[in-house]
Amino acid sequence: MESQVAKSTISDLHRRWLMLAIVSILFLSFNSSTISSAQSSGRDEVLLRVIVVNTENEAKQILEELKSGKEFGTIAKNKSIDPSAEDFGYLGKVDLATLRPELREALHGVGPDQITNIVKVPGGYAILKVLAASEGAVGQGMGANRDDNCIYYWDRARNVGNNNDSLYFTDQDRGTGGLSFALWKNDVCQFLINNALYYIDEFHVDGFRYDEISDLISMNCDSGWTFCCNLTSTLRYVKPRLLQNAEFWPDEVGNYPKSWPSIVAPNANGGAGFDVVQHDGLRSAVRNAVQAASYGLSASINFDAIAETLYPHGFAHAWQAVPCVENHDVVKVGTEQRIPALADGSNHESWYARSRSRFATGLLLTAPGIPQIFMGQEFLEDKQWSWDPTSSNLIWWAGLNTGTDTARVNHLRFTQDLIRLRWNYPALRGDNVNPFHVHDLNRVIAFQRWLEGSGQDVIVVATLAEDTWYNYGIGFPFAGRWREVFNSDVYDNWVNPIVAGNSGGVQASGPPLHGFQASANIVIPANGFVVFART
């Protein structure tokens with residue numbers, strides 16, 4: 001019954017929208033001259049919003065408000081006399097040939113996210129805004145960016161000033177991506193679960209990363225928690241090995257407090273049933289260290305913070321946390337820099353940038369947890385991430401694919417081999433970690449990874465010192481031969497002809513040190529790390 005009503009409403013409002021478009025003061029009938037103008041402009045269609053007011057003075061005041069940063073759609077909603085005001089001035093994709101000549105002229109040279117000057121049209125004064133191509137397909141809820149394809153229109157609710165009128169959404173918004181789904185409605189919950197099942201059945205996905213679970217719970221409380229439990233349990237029943245990764249930040253749910261352990265606890269134990277959560281402990285510590293190193297030899301670097309966050313505290317298993325050093329929230333345009341830029345702000349591919357980036361990725365891939373590598377991090381991408389496909393911040397694949405950017409090619413090889421190392425040595429994927437040597441002044445950290453009772457111990461030693469350490473005493477848990485199974489310095493100008501290394505391994509025959517029964521003097525390459533494993 002609801003679907004029949006929805007279809008009827010969609011049909012009625014679609015006809016109404018077409019009628020409004022026909023009688024709008026902005027459009028004219030086709031003729032040969034307008035078609036010719038549109039063709040000569042070099043583009044046939046644009047996404048537009050419009051504001052129309054009665055007087056020129058009103059238009060001038062609005063133009064100043066827009067130039068000061070006021071939101072176009074909100075002003076259109078509140079002040080425009082055009083029928084499109086109901087949709088925040090949104091006209092959708094418009095064929096330029098259907099516009100009045102004076103409007104086509106005003107749009108000449110106006111690019112995405114730019115506005116025109118005031119244009120005199122029959123019945124008033126107009127200001128147009130050209131939208132980016134991506135803006136026409138976004139916008140959940142009753143926000144200013146929605147169009148006929150967004151989910152809000154599925155019920156064709158009229159905008160009467162109350163977002164709770166939507167069949168799918170509520171009026172709750174934390175400013176992180178739109179209005180909250182009305183999870184107290186069973187049909188809405190089932191709709192979302194069905195979407196997940198579709199991706200499992202149709203695309204055979206191995207897992208999901210659920211965005212802003214903390215906000216979802218905060219805005220829905222009991223119904224949000226129940227939805228999470230139903231979602232995770234249903235998908236686990238359908239595909240038991242599916243990885244369900246929740247972005248959950250405890251400090252964002254003050255009105256409905258939950259902890260990280262409760263998010264990953266099984267449903268049967270009263271938990272939300274997710275497998276893992278995003279974790280920011282190691283990320284913050286490593287990024288801060290890399291940035292501090294960029295300030296020079298005299299800068300103080302907090303290696304204790306790295307040691308304290310190698311294991312995600314509060315979790316029964318390290319694999320329940322997903323650490324990273326970059327993600328889409330942290331390095332998006334207008335926020336923090338990517339690791340190569342943090343490492344050297346003046347030259348993102350200098351030795352300092354390359355070596356410190358290897359240090360950061362090396363710690364990530366040798367620490368406990370499920371490491372997350374952000375797009376381009378594997379080959380030294382330095383530009384901030386952008387969601388806009390027309391942005392100049394797109395990943396530079398060409399430099400990698402053609403081999404013209406050797407720094408990126410070498411860094412990709414480094415990341416590939418480091419992932420292979422993690423695969424070949426199970427201790428690097430286990431829970432156990434012991435940061436047994438931390439020296440802020442020397443800028444050195446050493447930690448042990450091991451599997452209980454297996455003897456497959458691994459020792460990782462890393463530094464942000466700008467000079468190579470020679471004969472640096474490091475403790476080893478067992479006496480005997482330890483192979484050097486990885487050296488980050490090899491990948492600088494692959495194969496590095498002047499690599500600083502340990503000739504394939506060391507003999508741990510020295511006295512007890514750092515709480516271990518044996519020790520050896522090793523070489524630690526500048527801004528680098530080495531990994532040892534028992535023979």
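The points below go through the fold, the cavities, the aromatic pairs and some backbone features of this predicted model.

1. Basis of the values. Because the model is predicted, local features require pLDDT of at least 70 and side-chain atom pairs count only at pLDDT 80 or more, while totals for chains, interfaces and linings use all residues. Residues are numbered from 1 along each chain as its sequence is written, and side-chain values use heavy atoms, with hydrogens and water left out.

2. Overall make-up. The protein chain has 15 helices and 17 strands, taken as DSSP runs numbered from the N terminus (helices H or I, at least four residues; strands E, at least two). Of its 535 residues, 52% count as buried, where buried means under 20% relative accessible area, exposed over 50% and partly exposed in between, with a 1.4 Å probe and protein chains only. The accessible surface of the protein chain comes to about 24700 Å², with 52% of that belonging to carbon and sulfur atoms (Shrake-Rupley method, 1.4 Å probe; for residues, only the protein chains shown count as cover). Among contacts with a separation of 6 or more, 66% are between residues 24 or more positions apart, a contact being heavy atoms within 4.5 Å.

3. Volume here is the space filled by probe spheres set on the points, which are joined across faces, edges and corners. The largest cavity has a volume of about 60 Å³, and its lining includes Val325, Glu326, Gln377, Leu380, Glu381 and His411. Helix 12 (339-343) and helix 13 (351-366) are the elements that give two or more residues to this lining, and helix 13 gives the most, with three. By class, the lining of the largest cavity holds five nonpolar, four polar and two charged residues, with Ala, Val, Leu, Ile, Met, Phe, Trp, Tyr, Cys and Pro as nonpolar, Asp, Glu, Lys and Arg as charged, and the others, Gly among them, as polar.

4. Second largest cavity. About 40 Å³ of space lies in the second largest cavity, which is lined by His279, Leu282, Thr309, Leu310, Pro312, Ala321, Pro323 and Pro368. This lining has six nonpolar, two polar and no charged residues.

5. Aromatic pairs. The whole structure contains 24 aromatic pairs, counted when ring centres of Phe, Tyr or Trp (its six-membered ring) lie within 6.5 Å, with planes under 30 degrees apart called stacked, over 60 edge-to-face and the rest tilted. Phe486 and Phe529 form a stacked pair, because their ring centres are 5.5 Å apart and their planes are at 15 degrees. This pair links distant parts of the chain, as Phe486 is in strand 14 (residues 480-487) and Phe529 in strand 17 (residues 529-534), 43 residues apart. Both residues of the pair, Phe486 and Phe529, are buried. Ring pairs also join them with Phe414, Tyr491 and Trp494 into a cluster.

6. Backbone points to check. Trp494, from that cluster, is joined to Val495 by a cis peptide bond with omega about -20 degrees, and Val495 lies in the loop between strand 14 and strand 15 (505-508). Ser503 is found in the loop between strand 14 and strand 15; its phi is near 55 degrees, a positive value in a residue other than glycine, and Ser503 counts as exposed at 75% relative accessibility. His204, in the loop between helix 6 (186-203) and strand 6 (207-210), has a positive phi near 55 degrees and is exposed, with a relative accessible area of 58%.

Notes
On a 1 Å grid over the protein atoms alone, a cavity is a set of points where a 1.4 Å probe fits but cannot get out, and a pocket is an open set with protein on both sides within 12 Å along at least five of seven lines; lining residues have an atom within 4 Å of a point.
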